[in-house]
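User: I'm new to this one and would like a guided tour. Could you take my questions one at a time?

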Amino acid sequence: MILATLIMAFAFTLAALFSYLAIKSKDLVKATVFSAGQSAAFALALFLLMAPDIVLAYVAVAVGIYTALLLYIISKTERYEGDER
Amino acid sequence: MRGKDVAMGIATALLLFVVVAIVLLGATAYTPSREIRPLAKFYLEYCMNVFNKDWWAASPEAVTSMLWDYRGIDTYYETSVFFLAIISGVALFRIVEVKLGAEGKKEGKELGLSLIVKTSTRIVFPLILIVAVSVALHGHLTPGGGFQAGSILAVGPLLLIAAFSRHFLGNRLRLSEDKCLTLRSIGLILIVLVIALPLIAGAVALMQNQPKPWSPTSPFPAYVGPLWISGSLFFLNVAEFLAVGAGFTLLFLLLSIPEEDFRRILGL
Amino acid sequence: MSIESLLQVYCYVALITIIAVSLYGIARGYSLTKKLIALTIFGDTANTLMIYVGYRFGEEVFVPVMPTLNPSPEDIMWFVSVAVDPVPQCLVITAIVINMAITMFLAFLIIQVYRLYGTVAVKKIAKLKG
């Protein structure tokens, strides 16, 4: 079905954009939010690839647990990456 | 841009180009096609085949029957890897005694977020529990299972720690790290019992679900009256749900202890 | 090349792009937290690539879950001819849990490094002696 492949391609484009923005940003809280957006785009693509077991596990882990874990790490260490390279 | 950045950029672009060219020219032979591999056909044909009960797993869900019956030893090893990670976290954060401070109020105002967040968390938290239990109990009939339900259950205490405070969980609800570790150990012991039971009951192999031609006895029935429990898959799903949910709750309880307490104890 | 096969190739190219970007992030990240974020993106993309390889492009595809509890032989034959590959899905569920265990362990280690050395920047840690 061409409609399913079209939406899959859109989801992967969105995921690529979010992952580039996550690696590029210097504020680590913004990087965490972009990583959660990339996981949401992947969840849409995984649903279209007919894998409902994986969607249940992936949404809870990547959007819920990884985001909370990274926010705990950021609050206990530094928030901004340094400027000298 | 510095030289190292340019070199790294050129290297990743080259990797991109080479891998896409290889896949397009068909070297991997696993590009998405219209037919699936013979191994997949075997699993799909025999996972719920009431006419040829030599190889069946009594479950209409091919993925769960592969996770806990056909490739069950993989799942057992992966549970032990998760256990090692939790033990290492508990060892790194070991504290002799943590006093969590005054309970309820600090400097005159209540701990936690505002009243709106607290009320809506009170409504949402039981719903999360119900969804997690339902996904665990139906794992052998519909998409679901132990891991999925354990991950959903882990989001509940996380919300409680954020909306109320860590003091609420530790002092009012009396949920300590020792209780979580006990729950996780109970789940793991249940898994080991269900795996070892076929050997005691007369079968030849560990982790056996239904009777096979080379070991014709098995203690797990495929259905009990009108209820379909798919042999050992139901019990393994419930035990894994308990183990994974308690493991995540333990890790979040450890992570949310404030830094001042740790620094005071470490002497930094 | 029809539009459908062009879209399939485009999906492959997008996935390989995310792998390349996350590898760059792991190698040249400035702080340990950024490297952890890039590592999680890399692991998730590898899992999605596995599921994408196991998909079945055709007119009628179905989830690998049989929709009835007492199937007839025609039901089983129809199921085998339209269902998606279930083997990569089983391996990916295991991979998600193992990646999660590794990420949690690394998180504890990063917090411990910050407590002992006071910084998470990789260049500053490399300059410490002992």
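This is a predicted model: local features need pLDDT of at least 70, side-chain atom pairs count only at pLDDT 80 or more; totals for chains, interfaces and linings use all residues.

User: How much of chain C is buried?

Analyst: Buried here takes 20 or more other C-beta atoms within 10 Å of a residue's own. Of the 130 residues in chain C, the share that is buried is 40%.

User: Among contacts in chain C between residues at least 6 apart in sequence, what share joins residues at least 24 apart?

Analyst: A contact here has two C-beta atoms within 7 Å. Taking the chain C contacts between residues at least 6 apart in sequence, the share that joins residues at least 24 apart is 56%.

User: What span do the end C-alpha atoms of α1(C) have, and what should it be?

Analyst: Helix α1(C) has 26 residues, and at 1.5 Å a residue they should span 38 Å. The model agrees with that, since the end C-alpha atoms are 37 Å apart.

User: Which residues of α1(C) are buried?

Analyst: The cut-off is again 20 or more other C-beta atoms within 10 Å. In α1(C), the buried residues are Cys11(C), Ala14(C), Ile16(C), Thr17(C), Ile18(C), Val21(C), Ser22(C) and Gly25(C).

User: How are α2(C) and α4(C) oriented to each other, parallel or antiparallel?

Analyst: Helix α2 (residues 32-53) and helix α4 (residues 87-117) of chain C have axes 10 Å apart and pack at an angle of about 175°. Angles over 145 degrees count as roughly antiparallel. That is why α2(C) and α4(C) are roughly antiparallel.

User: What classes of residue make up the contact of α2(C) with α4(C)?

Analyst: From α2(C) come residues including Leu32(C), Leu36(C), Thr40(C), Asn47(C) and Ile51(C). They meet residues of α4(C), among them Pro88(C), Val92(C), Asn99(C), Thr103(C), Leu106(C) and Ile110(C). By class, the residues of this contact are 13 nonpolar, seven polar and no charged.

User: Let's zoom in on Leu36(C): is it buried or exposed?

Analyst: Leu36(C) sits in helix α2 of chain C. It is 10 residues from Ile26(C) in sequence and 7.7 Å from it in space, C-alpha to C-alpha. Because Leu36(C) has 22 C-beta neighbours inside 10 Å, it counts as buried.

User: Leaving aside neighbours within four places in sequence, which residues is Leu36(C) in contact with?

Analyst: Leu36(C) is one of the α2(C) residues in the contact with α4(C). With its neighbours within four places in sequence left aside, Leu36(C) is in contact with Thr103(C), Leu106(C) and Ile110(C).

User: Which element gives the largest share of the side of chain C that touches chain A?

Analyst: The contact takes 43 residues from chain C and 43 residues from chain A. On the chain C side, α1 (3-28), α2 and α4 are the elements that give two or more residues. That side divides into 30 nonpolar, 10 polar and three charged residues. The largest share, 14 residues, comes from α1(C).

User: And how does the side of chain A that touches chain B divide by class?

Analyst: Here the contact takes 11 residues from chain A and 15 residues from chain B. The chain A side divides into eight nonpolar, one polar and two charged.

User: How are α2(A) and α3(A) oriented to each other, parallel or antiparallel?

Analyst: Helix α2 (residues 28-48) and helix α3 (residues 52-76) of chain A pack at an angle of about 175°, with axes 9 Å apart. By class, their contact has 16 nonpolar, three polar and no charged residues. Because of that angle, α2(A) and α3(A) are roughly antiparallel.

User: Where in chain B is Ser230(B), which has a positive phi although it is not a glycine?

Analyst: The phi of Ser230(B) is about 55°. With 28 other C-beta atoms within 10 Å, Ser230(B) is buried. Its place is the loop between β4 (227-228) and α9 (233-255) of chain B.

Note on methods. Residues are numbered from 1 along each chain as its sequence is written. Chains are lettered from A and ligands numbered from 1 in the order in which they are written. Axes are lines fitted to C-alpha atoms, for helices over the stretch in contact, and angles run from 0 to 180 degrees between N-to-C directions. Helices (H or I, at least four residues) and strands (E, at least two) are DSSP runs, numbered from the N terminus. Angles under 35 degrees count as roughly parallel, over 145 as roughly antiparallel, 65 to 115 as roughly perpendicular and the rest as oblique. Ala, Val, Leu, Ile, Met, Phe, Trp, Tyr, Cys and Pro count as nonpolar, Asp, Glu, Lys and Arg as charged, and the others, Gly among them, as polar. A residue is buried if 20 or more other C-beta atoms lie within 10 Å of its own, exposed if 12 or fewer, and partly exposed in between; C-beta atoms are placed from the backbone. The expected span of a helix is 1.5 Å times one less than its number of residues.
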